[in-house]
Amino acid sequence: MNTVADSAPSPAHHQEDIEEEPTEQPRAPAAPAGRVAGVVGQHVEAVTRFGSDSVRDEVPETFTRMGGHLTRVHEVTIGIETAEFSGRLHQDATPLPSHAHLVAGLKTLRDEARTALPARLDHWAALDAVEYRRLLPVNGLLRGFGKLLGYEFVCGACGGYGRLSCSACSGDGKQACHGCGARGKISCYSCQGTRRRDCTSCQGRGSQIEHYSTQTWDPVRSAYSTENKTRWINCYSCSGGKVQCTACDYAGEINCGSCAGRGHNDCMTCGATGKVNCGSCAATGWCHCVGHLTCKVQGSESLALEHPDSEAKALVRLRIDAARLPDYGALDAVAHRRLDGTSVRSDYRLHIDVASARLLAGGQSFAVLAFGKTLQVFDFRNVAGHLLLGDLERLEQAVNEASRWKRTHEDDLLDTTGLFVESELNLVIAEAASQASGLEATNQAVQARFQGLVDADYVNRASAAFHGAVGKLFAAQMFEPGLYCIGLVVLAACAMVFARWPVGWPPAWTALGGGVLVWAAVEIRVRRQLRQRFPAEIGQRMTAQIDKSRFSWRVRALAMAVAAALTFGALWGVDKLPVARGMPSDSAFKAELNAWRSDPMPDLSLRKYPEMARLSREAAAGNVEARIVLGWRLVLGANGVAKDIPAAVQLFEQAAVMRPQDPLVRVGRVVALMNTDAMPQALREGGGELARIELPEAGYWLARLNLAPQSPLFDLEGGIRRLRNAADRGHASAAFALGKRYLSGDGVPRDASRAKHYLGAAATAGAPEARKALTALQAASARS
């Protein structure tokens, strides 16, 4: 026996039949012949192409009654429940002095309630009530014993004060300021704590532009000609671009705005009082404990059925909930009696109307059972499956004969599929199969909706046949245009390679992307053609299954794989041939770019660069490596090319989108910036970027930034150190610049031997200016 809460259990909780003395089954009044056949026929007609007359009686149907005896036992349990709460005891509760008194009072009250329980159960059982599955009144069983008892006690958390020390501020009422770290001071916003800020007159350059004019005598016109000019002069307002900061009174620090310079803030949790309300007693200093009686009713039930047909009894137990049994017949008698001092037994006698029919459909005989006055059928015994079996077998044969890649037998497959989907049931099965995960889930979804009109074998076969038909129809329609599409992709990719179009996109991926768009357009046309071969709603639902057919996705994947393989294979072959207009092959040009990047020469101005015209074309076509190399050639004026700073800036910015972490791109952007009229803040950020890159080229340009008198990063000592480091690592331009400084004594002590050493290193590396300076130095040494 299953014990559950006092509610209606599910049919799964029914027990086995209770053996009782057999009784003669009374027969229900005779009903018109063919009622069960009519019910089954209506269900078949609603979801298939067959009418209700396709189902008829083989023998006259019979009507019987199934006897039922439902036994329900109520078990009553009276217990005690206590709980603690904050605050004073409620006025409705009876006050007691202690917990021991509370427990004793509740036990006395429970004993009294248990003593009165049998009489109340007898009273309930004696009531003249015919309600089916009537429940015990829980509140009525405790009437008169619902007292609330309780006692009060001092709160242990706060000792009866109602207030606690604030944990956020440790009872101090103050919290350290996080903005200044409890110091009360922060770094000055204007000077960042350095006590000096950028000069507003020169924007931190240390120099400013002066406009002046010169007059010269023009003998031809016998008059003076005036020419307006500009020049850089030292700023009159500052020294080196910096002035003393007045915002912080030259201290480098200002009062913290968060705490007004105090170093602490008032605690928001306690309102700066250091105390918070006690949560245990709700700030009253008191707690209370209350107790009362509880009444629980647990019910268990068993069902005994009396009928000669075991299948009918099994269907009732499986498909009809115990709470709805009288809906399928009538309640005959109700009896209640008390078993002992805490339980009551209820007996319900009822009957269920059962109709038995043997039907003929599709040449097969079926035994069908219907229940209740409405003749509800719970198992249709695969009636629709037998009627539709011929359509299914014809579709399976058409699918096997049809070709996946040719339009052979396509009309036969279309006609057979159209006949198959005239039955709504088949379309629903296909849609359920595309939404469920697995055959078992599909069968469960179909059975839950159609209650045995088709069996699991028909569901599996129909789903497989329909999706196979849809997939083959789709593949046959797409085969020929798909071949044309793949050919166009390959030809387009090869044409773009020769034409060097489009700029910025790889030809293979551009052609494949265009092929996908063409395929999508062709597929839309094929879908429309297939949809037009069927009625409007059926055609729409059929084409929706194309995306859910695994075979259609295989067709798409195969077409994409073949197109990609042929495209890349064709481009590989084209790459082996001389490209149009006499240009070198792509592989040779890639080798030149790789050779430039792997060149051990630290000075980028002395490296060997690829041919300028090819570099420009590849950079315009989107080759990132070509953009980097061309940008360095234009910013340095390498290999005899005139400098073009704006073009170099654009090339480095485009390359930074694809390779933001490439060291050569990062250094190139800063070098191009240094050759423009950049703001001091931009130069500072560029200097910081160069300092983070471990390349001799980066060290050389950072040294130049440090050694420029008007630079915001002017640092003579640091610049000489970085220049020497780059020269020692083989950078020719750095060695040449350091050698000239040793020769002239600019920023370093004059030293002819060191000048000769660094100029010789630069000349050996290939710097032409270094050879001239070294020759002049050697000639001067020979004369002396």
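Two residues are in contact when heavy atoms of theirs lie within 4.5 Å. By this rule, and leaving aside residues up to four places away in sequence, K275 touches R163, L164, S165, C166 and C270. The model in which these contacts are found is a predicted one. K275 belongs to strand β14, which covers residues 275–277. One of the residues that K275 touches is S165; the two are 110 residues apart in sequence, yet their C-alpha atoms are 4.7 Å apart in space.

The protein chain contains 23 helices and 19 strands. Its radius of gyration is 49 Å, whereas the globule rule gives 28 Å for 784 residues; the chain is therefore more spread out than a compact globule. Along the principal axes, the C-alpha atoms fill a box of roughly 145 × 95 × 55 Å. Of the 784 residues, 42% count as buried. The chain exposes about 41200 Å², and carbon and sulfur atoms supply 53% of that area.

Contacts can also be considered across the whole chain. Among those between residues at least 6 apart in sequence, 70% join residues at least 24 apart.

Charged side chains come next. The protein chain has 88 positive and 81 negative side chains, and the centres of the two sets lie 13 Å apart. A salt bridge requires a side-chain nitrogen of Lys or Arg within 4 Å of a carboxyl oxygen of Asp or Glu. By this rule, the count comes to 28 salt bridges.

K242 forms a salt bridge with D198, with the closest N and O atoms 2.8 Å apart. K242 is in strand β11 (residues 242–244) and D198 is in strand β8 (residues 196–198), so that this pair links distant parts of the chain, 44 residues apart. D198 also meets R684 in a salt bridge, at 2.7 Å from N to O. Because D198 lies in strand β8 and R684 in helix α18 (residues 680–691), this second pair ties together parts that are 486 residues apart in sequence. Both K242 and D198 are partly exposed: the relative accessible area is 28% for K242 and 27% for D198.

Another salt bridge joins E311 and R381, whose closest N and O atoms are 3.1 Å apart. E311 lies in helix α4 (residues 310–319), while R381 lies in the loop between β19 (376–377) and α5 (383–401); the pair therefore ties together parts that are 70 residues apart in sequence. E311 is partly exposed, with a relative accessible area of 35%, and R381 counts as partly exposed at 32%.

Salt bridges may also form a network. In this model, R597, E625, R659 and D662 are linked in this way.

Definitions and conventions. Residues are numbered from 1 along each chain as its sequence is written. This is a predicted model: local features need pLDDT of at least 70, side-chain atom pairs count only at pLDDT 80 or more; totals for chains, interfaces and linings use all residues. Side-chain values use heavy atoms; hydrogens and water are left out. Helices (H or I, at least four residues) and strands (E, at least two) are DSSP runs, numbered from the N terminus. The radius of gyration is taken over C-alpha atoms; the globule rule is 2.2 Å times the number of residues to the power 0.38. Buried means under 20% relative accessible area, exposed over 50%, partly exposed in between (1.4 Å probe, protein chains only). Accessible areas come from the Shrake-Rupley method with a 1.4 Å probe; for residues, only the protein chains shown count as cover. Lys and Arg count as positive and Asp and Glu as negative; His and the chain ends are not counted. The place of a charge is taken as NZ of Lys, CZ of Arg, CG of Asp or CD of Glu.
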